[in-house]
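This briefing goes through one protein model, topic by topic. Keep the sequence and the 3D view open while reading.

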Amino acid sequence: MNLMLTAHCDNTDAFYESYLEVKPEFAEWCDSSRCVFAKVDGNNLIELFFDVDPPKLKAWLGKQSTKELFAKHNFVPTRYTFTPLQMG
């Protein structure tokens, strides 16, 4: 499964610093080498995750440290699944 999320947070730049700190953990539940983080503005962002293992993602989201990270930045995501478009 591939996952895209849009999110609102208190400060996108501050959240990105935390994102980089926890990004190595993403390898537990997705292909972390293909993750994409895009800043929309000071409070909004987009993230793409590929080859997501849903049960492992659920476990990561349930970790206390993940919950604390989201609370620290008032991070509110909206998640979408997607299939890459095949051209040609």
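Helices and strands here are DSSP runs, numbered from the N terminus; a helix has at least four residues and a strand at least two. With that numbering, Asn-74 lies in the loop between H3 and E4. The model is a predicted one.

**Helix H3**

- Helix H3 spans residues 64-72, and its buried residues are Thr-66, Leu-69 and Phe-70.
- These three sit on the same side of H3, because they cover an arc of only 95° around the axis.
- In an α-helix there are 3.6 residues a turn, so residues three or four places apart point the same way.
- Gln-64, Ala-71 and Lys-72 are exposed, and they are on the face of H3 turned away from its buried side.
- The packing partners of the buried H3 residues are helix H1 (12-22), helix H2 (54-62) and strand E4 (76-82).

- Most residues other than glycine have a negative phi.
- Asn-74 is not a glycine, yet its phi is positive, at about 50°.
- Asp-51 is partly exposed, and its relative accessible area is 47%.

**The nonpolar core**

- In soluble globular proteins, nonpolar side chains tend to be buried together.
- The largest nonpolar core of this model has 20 residues.
- The members that touch the most other members are Phe-15, Phe-26, Trp-29, Leu-45, Phe-49 and Phe-75.
- Two or more residues of this core come from each of E1, H1, E3, H2 and H3.
- Leaving out residues up to four places away in sequence, Phe-26 touches Tyr-19, Ser-32, Cys-35, Phe-49 and Trp-60.

**The cavity**

- How many cavities of 30 Å³ or more does the structure hold? It holds one.
- The largest cavity contains about 130 Å³ of space.
- Its lining is made of 16 residues, and the closest to its centre are Leu-5, Glu-47, Phe-49, Trp-60 and Phe-70.
- At least two lining residues come from each of strand E1 (2-8), H1, E3, H2 and H3.
- By type, the lining of the largest cavity has 14 nonpolar residues, two charged and no polar.

- Is Asn-2 buried or exposed? Asn-2 is buried, with a relative accessible area of 11%, and its place is in strand E1.
- Not counting residues up to four places away in sequence, Asn-2 touches Phe-49, Phe-50, Asp-51, Tyr-80, Thr-81, Phe-82 and Pro-84.
- Asn-2 and Cys-35 are 33 residues apart in sequence, and their C-alpha atoms are 10 Å apart in space.
- Ala-14 lies in helix H1 and is partly exposed, with a relative accessible area of 29%.
- Ala-14 and Gly-42 are 28 residues apart along the chain, and 9.5 Å separates their C-alpha atoms.

Terms used: Residues are numbered from 1 along each chain as its sequence is written. This is a predicted model: local features need pLDDT of at least 70, side-chain atom pairs count only at pLDDT 80 or more; totals for chains, interfaces and linings use all residues. Side-chain values use heavy atoms; hydrogens and water are left out. Buried means under 20% relative accessible area, exposed over 50%, partly exposed in between (1.4 Å probe, protein chains only). The arc is that of the directions from the helix axis to the C-beta atoms. Contact means heavy atoms within 4.5 Å. On a 1 Å grid over the protein atoms alone, a cavity is a set of points where a 1.4 Å probe fits but cannot get out, and a pocket is an open set with protein on both sides within 12 Å along at least five of seven lines; lining residues have an atom within 4 Å of a point. Grid points are joined across faces, edges and corners, and a volume is the space filled by probe spheres set on the points. Ala, Val, Leu, Ile, Met, Phe, Trp, Tyr, Cys and Pro count as nonpolar, Asp, Glu, Lys and Arg as charged, and the others, Gly among them, as polar. A nonpolar core is a set of buried Ala, Val, Leu, Ile, Met, Phe, Trp, Tyr and Cys residues joined through side-chain atoms within 4.5 Å.
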